[in-house]
Amino acid sequence: INKKSMHRSMQTILEIAKEQIGTTEKPIGSSNVKYNTWYYGHAVSGANYPWCAVFVAWCANQAGIPTNIIPKTASVSNLQTFFRNQGLYKNKGYKPSPGDIMIQKSNGASHTGIVLESNGATFSTIEGNTSNKVAKRSYSLNDSRLSGFGTPKYTNDENTQNASIVQNQIETQSEITQTKEISSVVIKSI
């Protein structure tokens with residue numbers, strides 16, 4: 001993984017999230033917001049449509065980050081499980097980096113957001129569905145609601161595609177060389 005491209009993808013998701021600050025539900029308290037419309041494929045409304053995880057997925061999608069890096073989900077539990085299953089989940093006590101995904105799960109409630117910055121004992125996030133809008137929030141690393149962080153392995157699809165193209169060219173060249181060798185052997189044996 002190219003660190004420069006990793007940085008670029010992480011920067012992109014943060015830039016997109018920042019641009020969304022202030023976006024609100026219409027009407028307030030309805031969960032009717034463009035992120036849910038994107039996720040469900042049509043407008044939805046009501047308490048059955050929390051959208052903090054959907055906001056994270058939407059930002060990732062807008063940044064061109066594939067779902068094997070940040071999944072398309074409306075569930076904080078699914079988000080947490082996804083990172084755990086990949087060995088990319090850090091429990092409370094970890095000092096997050098920009099682009100990490102905060103996971104809160106306490107007293108039956110759950111919430112998530114994208115880490116914007118971390119300064120020693122505190123960190124800030126950009127979150128959807130916080131007070132019915134997208135907003136920047138700050139937390140202590142000792143916050144009782146905090147469970148941990150997903151640490152996505154950001155990549156640059158373009159570099160991955162280029163590497164794949166180069167590998168295909170190498171394989172094709174090798175096949176051509178082998179074909180020529182076989183042809184010359186066949187010709188000589190006739």
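Is Cys-52 buried or exposed? I began with this residue in the predicted model. Cys-52 has a relative accessibility of 6%, so I recorded this residue as buried, the cut-off being under 20%.

I then looked up Cys-59, which is buried with a relative accessible area of 0%.

Next I turned to helix H4, residues 76–85, and noted its buried residues: Val-76, Leu-79, Gln-80, Phe-82 and Phe-83. These lie on the same side of H4, because they cover an arc of only 160° around the axis. The spacing is in keeping with a general rule: an α-helix has 3.6 residues a turn, so residues three or four places apart point the same way.

I asked what the buried residues of H4 pack against. The partners are helix H3 (52–62) and the strands S1 (89–91), S2 (101–106), S3 (109–119) and S6 (146–150).

I inspected both ends of H4. At its start, a side-chain oxygen of Ser-75 comes within 3.3 Å of the backbone nitrogen of Ser-77. After the helix comes Gly-87, with a positive phi near 70°.

Finally I examined the largest nonpolar core, which has 33 residues; Ile-13, Phe-55, Ile-70, Ile-101 and Ile-114 touch the most other members. Helix H1 (3–19), H3, H4, S2 and S3 each give two or more residues to this core, and H3 gives the most, with eight. Another core, of seven residues, lies apart from it and includes Val-115, Phe-123, Leu-141 and Phe-149.

Key
Residues numbered from 1 in each chain as written. Predicted model: local features only at pLDDT ≥ 70, side-chain atom pairs only at ≥ 80, totals over all residues. Heavy atoms only, no water. Buried < 20%, exposed > 50% of the residue type's maximum accessible area, 1.4 Å probe, protein only. Helix = DSSP H or I, 4+ residues; strand = E, 2+ residues; numbered from the N terminus. Arc of directions from axis to C-beta. Contact = heavy atoms within 4.5 Å. Polar contact = N/O pair within 3.5 Å; in protein donor to acceptor, adjacent residues only side chain to side chain. Core = buried A, V, L, I, M, F, W, Y, C linked by side-chain atoms within 4.5 Å.
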